[in-house]
Amino acid sequence: MTQQTMDIAPLIIWAAGITTLLNFANIAWSIFSGPTRKLAARLSEVEGRMQDAERRSERHANQITALSQTIGAMPGHQALHQLELTLTSMSGDLREMRATMEGNAKVMKRLENVVSRHEDHLLDGGKR
């Protein structure tokens, strides 16, 4: 029987080479996957902000629509001018009514004086 010695030097070289390749692969994975994870996180944040912006945009569009409908229901320039003319006419009518009422008040005052003199005459029994 002969003793054979086993030379493990080629095996160590192969193991070192495989380990080196695995280390390079790990470094490459870290280099390329780290930014990808960061980018995915930022992308998720940006998507959230975009959804918020879309909701605000929809809310603003609804508000603009409501304001547009409100403004559309408001009277126009011609209607306001007509209202102003009508109010001016009513003001003139009220002045006429006030003058008439003042005249009626004066007449009533004179009538009260006459009625008061008649009452006094009737109560005194015409003693004069």
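**Entry 1: a charged pair**

I began with aspartate 52, which forms a salt bridge with arginine 55, the closest N and O atoms being 2.7 Å apart. My criterion for a salt bridge is a side-chain nitrogen of Lys or Arg within 4 Å of a carboxyl oxygen of Asp or Glu. Side chains of opposite charge can pair when their charged atoms come close. Both aspartate 52 and arginine 55 sit in helix 1, three residues apart, about one turn of the helix. I searched the whole structure and found one salt bridge.

A note on ground rules: this is a predicted model, in which local features need pLDDT of at least 70 and side-chain atom pairs count only at pLDDT 80 or more, while totals for chains, interfaces and linings use all residues. Residues are numbered from 1 along each chain as its sequence is written, and side-chain values use heavy atoms, with hydrogens and water left out.

**Entry 2: how covered are these residues?**

I call a residue buried under 20% relative accessible area, exposed over 50%, and partly exposed in between (1.4 Å probe, protein chains only). Aspartate 52 has 37% relative accessibility, so I log it as partly exposed. Arginine 55 counts as partly exposed too, because its value is 49%. I also looked up glutamate 47, another residue of helix 1; its relative accessible area is 46%, so it is partly exposed. From glutamate 47 to histidine 60, 13 residues along the chain, I get a C-alpha separation of 20 Å.

**Entry 3: the helices**

I count two helices and zero strands in the protein chain; these are DSSP runs, numbered from the N terminus (helices: H or I, at least four residues; strands: E, at least two). For the 48 residues of helix 2 (residues 77-124) the rule gives 70 Å, and the end C-alpha atoms are 69 Å apart, so the two agree. After helix 2 comes glycine 125, with a positive phi near 80°.

**Entry 4: the whole chain**

I get a radius of gyration of 53 Å for the protein chain, whereas a compact globule of 128 residues would have one near 14 Å. This radius is taken over C-alpha atoms, and the globule rule is 2.2 Å times the number of residues to the power 0.38. Along the principal axes, the C-alpha atoms fill a box of roughly 180 × 40 × 15 Å. Of the 128 residues, 2% count as buried.

Definitions and conventions:
The expected span of a helix is 1.5 Å times one less than its number of residues.
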